[in-house]
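Hi,

Here is the structure I promised to pass on. Have a look at it first, and then read my notes below.

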Amino acid sequence: MTTDTPIDVFEEHRPVLMGVAYRMLGRVADAEDVVQDAWLRWSAADRAEVREPRAYLVRVTTRLAIDRLRQVKARGEAYVGPWLPEPYVTDFGDTVPDTAERAVLADSVSLAVLVVLESLSPLERAVFVLREAFGYPYAEIAAMLDRGEPAVRQLAGRARGHVDERRPRYEVDPAQRRDLTERFLAAAAEGDLAGLMEMLAPDVRLIGDSGGKSKAPLRILETADNVGRFLVAVAEKSVPEMSFRFLELNGGPAVLILSGDTPDSVFQVDVSAGRIRSVYIVRNPDKLRSLASA
């Protein structure tokens, strides 16, 4: 006999539900809305008929996220400039002690992977997230989505092939990535072009997301020379009352730049063979609000 209240049970599983919803949507506010809707469904459900609360809640959250994603795609919303996911705090702490599991979760929420997931259909994305990030068996995923297992396997294979084909391959060395992030920040802040050029891979890419609401490149910048010179030019335009802090965002180290108490931008880099291969800059203020208290 359990004395757990409906709220206790829901809160126990909230991190998983938020993880599923965010990977499905790439937007923190939308994910939070979906999780709130899942709570309303849970609070109104006949819980005596629910044998496995976690499976029930993940199923409800996934279906709600699919509906939300279909609505977004149906609206065909135009976005100004390159699109990046909303930065998401992913300090796993002691909740995921297994190193291999942490690596899988971090990879599945990385900016590079989430950008590729945007090109999948809602069903493909759901299957990919449930299978690759959370390790659900095909039979359970089929039950969650009301699909046959062969169809789910087909969706999974198609999604995995698409992601493998389009995602960049970067090594994950947390210590090296943190070191390069710190050195990158110092060189960029000082306008040290030579220092930046030493860290940037020749074919580095810089992706800036402003949504047309602040200043950032409206196209992807390529080559070390173009990226380095852009960063030096940015350094010459100081942010009022600038400060910064390091956070773990989307499974890796990132830098949050603040203007006073207001988030101004987020910088994150991907690293391979000791060089920076990608630079991500998020400056859309709508995507930074959730970091105000981070």
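**Salt bridges and a helix pair**

Arg27 counts as buried, because its relative accessibility is 18% and the cut-off for buried is under 20%. Please keep in mind that this is a predicted model.

Arg27 makes a salt bridge with Glu118, with 3.9 Å between the closest N and O atoms. The two sit in distant parts of the chain, 91 residues apart: Arg27 is in the loop between helix 1 and helix 2, and Glu118 is in the loop between helix 5 and helix 6. Glu118 is partly exposed, at 22% relative accessible area. A network of salt bridges links Arg27, Glu118 and Arg125.

Helix 3 (residues 53-75) and helix 6 (residues 122-133) pack at about 145°, and their axes are 9 Å apart. The crossing is right-handed.

Asp146 is exposed, at 57% relative accessibility, while Arg63 is partly exposed, at 31%.

Asp264 and Arg283 form a salt bridge too, at 2.8 Å. Asp264, in strand 5, is buried, at 17% relative accessible area. Over the whole structure, the search finds 21 salt bridges.

Best wishes

Terms used:
Residues numbered from 1 in each chain as written. Predicted model: local features only at pLDDT ≥ 70, side-chain atom pairs only at ≥ 80, totals over all residues. Heavy atoms only, no water. Axes fitted to C-alpha atoms, helices over the stretch in contact; angles between N-to-C directions. Helix = DSSP H or I, 4+ residues; strand = E, 2+ residues; numbered from the N terminus. Left-handed = near helix turned anticlockwise from the far one by under 90°. Salt bridge = Lys/Arg side-chain N within 4 Å of Asp/Glu carboxyl O. Buried < 20%, exposed > 50% of the residue type's maximum accessible area, 1.4 Å probe, protein only.
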